[in-house]
Amino acid sequence: MHAPEAAPAPPEPAPRSPWWRFALLVLILGAAAGSLLLWSPTAFLRGGLPAGVPGYWLAPAFVTVYALGTLAFLPRPALNAAAGLLLGIQQGTLLAVLGTTLGAAAAFGLGRALGRDALRPFLRGKMLTALDRRFTDQSFRSVLLLRLMPGLPFQAGNYGAAFSGTRFVPYVLATAIGVVPTTAVYVTAAASARRPGSVSFLLSAGVIGVFGLVTLVSLWRAAVARRRATATTA
């Protein structure tokens, strides 16, 4: 007698395209940015808690709203200024750094889960490949330098790291450390704005001016490098 033939294995389901996850990411980020038409994180942060809400809710509420503000692409200087006006220098800097780190972690998680597989094939070319290798091999150092560079859009760094091979824990630690200088400067400037002749205000305003100058110089150098690259390949 012949043994009965085994039933053929069912065909494996075709893998889902990563582009549907990327579309979901775009939808989430668009909804977050569009929500600013309905509410203002900076106004909420400046106003503090509504009447009747216990004071111990201030810190977690502030950190959560700050993180949501970064996800909605609200500029961090505006959020930091609100922190300084509401909380002062020390508490404002601490909670602003926590909010920044939480928002960066959330953006990294969204980008890694929903967008990386779709955009990963586009990380080609000599420069992009070298950058991806550096962020993969030296995650902490690369992200720390990224956070210390003034003028670089914060959200661009979040999703650029998520789409690369950056590891999560070094990314979070480097973000928490790297954003301290700029956060402290903007929080101090806002907290001491009522005393424009004070040392803290003058120092913070001067550092902000230096940040702006460094940003302009960086943009100018990038433009020159692009023109040279175009002239070389022409």
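**Helix packing and buried cores**

In this predicted model, the axes of α1 and α5 approach within 7 Å and cross at roughly 135°. An angle over 145 degrees would count as roughly antiparallel, and α1 and α5 are therefore oblique to each other. Their crossing is left-handed. On the α1 side the contact is made by Trp19, Arg21, Phe22, Leu24, Leu25 and Ile28, while α5 contributes Leu110, Gly111, Ala113, Leu114, Gly115, Asp117, Ala118 and Leu119. Sorted by class, this contact of α1 with α5 comprises 10 nonpolar, two polar and two charged residues.

Leu25 of α1 also belongs to the largest nonpolar core, which has 19 residues and in which Leu25, Phe108, Val143, Tyr159, Phe163 and Tyr171 have the most contacts. Two or more residues of this core come from each of α1, α5, α7, α8 and α9. Apart from it lies another core, of 13 residues, with Val63, Leu79, Ala82 and Val187 among them.

Helix α8, spanning residues 154-163, is largely enclosed by the rest of the structure, because eight of its 10 residues are buried. These are Phe154, Gln155, Gly157, Asn158, Tyr159, Ala161, Ala162 and Phe163, and the elements against which they pack are α1 (19-34), α3 (58-71), α4 (76-87), α5 (89-119), α7 (139-148) and α9 (168-178).

Within α8, Gln155 counts as buried because its relative accessibility is 13%, the cut-off being under 20%. Leaving aside residues up to four places away in sequence, Gln155 touches Thr70, Phe73 and Leu74.

Conventions: Residues are numbered from 1 along each chain as its sequence is written. This is a predicted model: local features need pLDDT of at least 70, side-chain atom pairs count only at pLDDT 80 or more; totals for chains, interfaces and linings use all residues. Side-chain values use heavy atoms; hydrogens and water are left out. Buried means under 20% relative accessible area, exposed over 50%, partly exposed in between (1.4 Å probe, protein chains only). Helices (H or I, at least four residues) and strands (E, at least two) are DSSP runs, numbered from the N terminus. Contact means heavy atoms within 4.5 Å. A nonpolar core is a set of buried Ala, Val, Leu, Ile, Met, Phe, Trp, Tyr and Cys residues joined through side-chain atoms within 4.5 Å. Axes are lines fitted to C-alpha atoms, for helices over the stretch in contact, and angles run from 0 to 180 degrees between N-to-C directions. Angles under 35 degrees count as roughly parallel, over 145 as roughly antiparallel, 65 to 115 as roughly perpendicular and the rest as oblique. A crossing is left-handed if the near helix is turned anticlockwise from the far one by less than a right angle, and right-handed if clockwise. Ala, Val, Leu, Ile, Met, Phe, Trp, Tyr, Cys and Pro count as nonpolar, Asp, Glu, Lys and Arg as charged, and the others, Gly among them, as polar.
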